[in-house]
Amino acid sequence: MVQTPYELIKKTTSTFLPSELLSLLPDKWEKIGSVVTMKLPRELHAYKEIVGKVYAEVLEVASVLNDLGGISGVFREPVVEVMYGSSQTETIHVENGIRFMIDPQRIMFSSGNMGERRRMASVASPDDIVVDLFAGIGYFSLPIAVYSKPKKVFACEINPIAYEYLCRNVVLNRVGHLVEPCFGDNRLVAPKGCASRVILGYLHDPWEFLPVALQCLKNMVGVLHYHELVPVEDIPRQPLSHIECVATEYDRQVELITVEKIKSYAPRIHHVVLDVRITQ
Ligand SMILES: C[S@@+](CC[C@H](N)C(=O)[O-])C[C@H]1O[C@@H](n2cnc3c(N)ncnc32)[C@H](O)[C@@H]1O
């Protein structure tokens, strides 16, 4: 019978790990290109490298990273250490036919957002002008450009490392004729008054960026894809009221199109996205 990767990992590590520690071996990991990231329990730290070697061999990757503290700061950077393998962790991750060049030691890649990356691939129309206010390495901008082929995508990014990968990924996916990377704070660099669709893929006080999102819309009319972390019982009321509050300031109406749950973020807290139409 074919063994699962995890069964193979347990069988191999049982030759050197004390039996009472085997149950602590992580059965969840993120595989991004040739790099695997996992959360290694403290009790296994003494075996970090040899355990990492087994995961690298079974999962056929060049490097294994230990997630020390999730994602932090405005740039949303991972807090990781190399457990095993090459410390040169730049790699190309292929998802839904899109190639993402990335260094998982320096840039986040959330597998939990995969469904939304796929959904974004089909939301835009050929007439659309899209502004992605938090583009990162092109998580949403690339699928939109490759599959929906809108008129234009302006992809804003403030982190110079993420911006560098964004520019390389635009070339790698051959969408340089459609995607224009904009380096800097989106409040300063996002093009105003031209868009039909704006993406706010950011979870830290996203409502603070609603004014710039409305200013990006042509005549302040169009579609917003607005992300927020929300207690289950406040979906969609809480994010909708944030949007309506700012829309009222600009004498605009809000029509709710869809509410998508992207992932559970914490107990009873969901990462959701609201598609809304801003009208006069
Ligand atoms: C969580 S990441 C990308 C999220 C992506 N939209 C997604 O949901 O998969 C957010 C990105 O926004 C960038 N960012 C944060 N504040 C920004 C700002 N004021 N202007 C432009 N980019 C910003 C960060 O550097 C980071 O790369």
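**Exercise 1.** Which domains supply at least three residues each to the shell around the ligand?

*Solution.* Domain 1 (5-89) and domain 2 (111-279) each give at least three residues to this shell. The domain bounds come from an automatic or database domain assignment. The model is predicted: local features need pLDDT of at least 70, side-chain atom pairs count only at pLDDT 80 or more, and totals for chains, interfaces and linings use all residues. Residues are numbered from 1 along each chain as its sequence is written, and side-chain values use heavy atoms, with hydrogens and water left out.

**Exercise 2.** Describe the shell around the ligand.

*Solution.* Start with the count: 20 residues surround the ligand (a heavy atom within 4 Å). F134, E157, D185, N186 and G201 are the closest. Next, sort the shell: ten residues are nonpolar, six polar and four charged. Here Ala, Val, Leu, Ile, Met, Phe, Trp, Tyr, Cys and Pro count as nonpolar, Asp, Glu, Lys and Arg as charged, and the others, Gly among them, as polar.

**Exercise 3.** Find atoms that pair with nitrogen atoms of the ligand.

*Solution.* Look for N or O pairs within 3.5 Å. Take the backbone: a N or O atom of F134 lies 3.1 Å from a ligand nitrogen, and a polar backbone atom of G201 is 3.0 Å from a ligand nitrogen. Then take the side chain of D185: one of its polar atoms lies 3.2 Å from a nitrogen atom of the ligand.

**Exercise 4.** Where is the cis peptide bond between I235 and P236?

*Solution.* Check omega: it is near 0° from I235 to P236. Then place P236: it is in the loop between β11 (222-231) and α8 (237-249). Helices (H or I, at least four residues) and strands (E, at least two) are DSSP runs, numbered from the N terminus.

Note on methods
Polar contact = N/O pair within 3.5 Å; in protein donor to acceptor, adjacent residues only side chain to side chain.
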